[in-house]
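Biologist: Could you walk me through this fold and the terms used for it?

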Amino acid sequence: MELGAFSISLAVKDLEASRKYYEKFGFKIFGGNASQNWLILKNGDHIIGLFQGMFDKNILTFNPGWDQRAQKLATFTDVRELQRQLKAQGVQLVNEADESTTGPASFIAVDLDGNPLLVDQHV
């Protein structure tokens with residue numbers, strides 16, 4: 001099962017302080033919008049998202065259709081197909097992608113320890 005690009009989305013209390021902290025580890029701003037309280041930082045192939053006031057827990061994030069540089073892949077497994085495969089294996093989803101649509105969509109699962117997994121397709 002190919003899930004696409006991986007990042008961790010961190011629920012932070014202070015976006016600016018968190019940005020400065022992760023810059024000490026070599027992360028640089030890659031995307032986002034600080035005025036909307038979110039930034040994407042990158043160090044090599046490692047990506048973290050900083051999100052202030054948007055959710056309560058850190059989230060493991062997968063982006064079908066993207067490589068680690070947020071570039072569209074020539075071929076990939078659509079988020080709705082990934083959703084069908086996981087449901088067929090008994091994985092329960094908290095939020096589901098509308099299977100009657102195409103293009104961008106997402107679903108959320110929660111692992112056995114309560115960690116949210118977001119599969120978020122942007123293409």
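Modeller: Here is a short chat about one lysine and the sheet.

Modeller: First, this is a predicted model, where local features need pLDDT of at least 70 and side-chain atom pairs count only at pLDDT 80 or more, while totals for chains, interfaces and linings use all residues. Residues are numbered from 1 along each chain as its sequence is written, and side-chain values use heavy atoms, leaving out hydrogens and water.

Biologist: What makes Lys-42 a residue with no salt bridge?

Modeller: A salt bridge needs a side-chain nitrogen of Lys or Arg within 4 Å of a carboxyl oxygen of Asp or Glu. The nearest side chain of opposite charge, Asp-45, is 4.5 Å away, so Lys-42 has none. Lys-42 is also buried, meaning under 20% relative accessible area with a 1.4 Å probe, protein chains only.

Biologist: Which backbone oxygen lies 2.6 Å from a polar atom of the Lys-42 side chain?

Modeller: That of Gln-68. The Lys-42 side chain also reaches the backbone oxygen of Gly-44, at 3.3 Å.

Biologist: And what is the strand order in the open sheet of 8 strands?

Modeller: The order is 2-3-4-1-5-8-7-6, with mixed pairing. Two strands pair if DSSP finds at least two bridges between them.

Biologist: How do you know that strand 1 and strand 5 pair?

Modeller: They are joined by 5 bridges and run antiparallel; the cut-off is at least two, so they count as paired. Phe-6 has Phe-62 in strand 5 as its bridge partner.

Conventions:
Buried < 20%, exposed > 50% of the residue type's maximum accessible area, 1.4 Å probe, protein only. Lys, Arg positive; Asp, Glu negative; His and termini not counted. Polar contact = N/O pair within 3.5 Å; in protein donor to acceptor, adjacent residues only side chain to side chain. Helix = DSSP H or I, 4+ residues; strand = E, 2+ residues; numbered from the N terminus.
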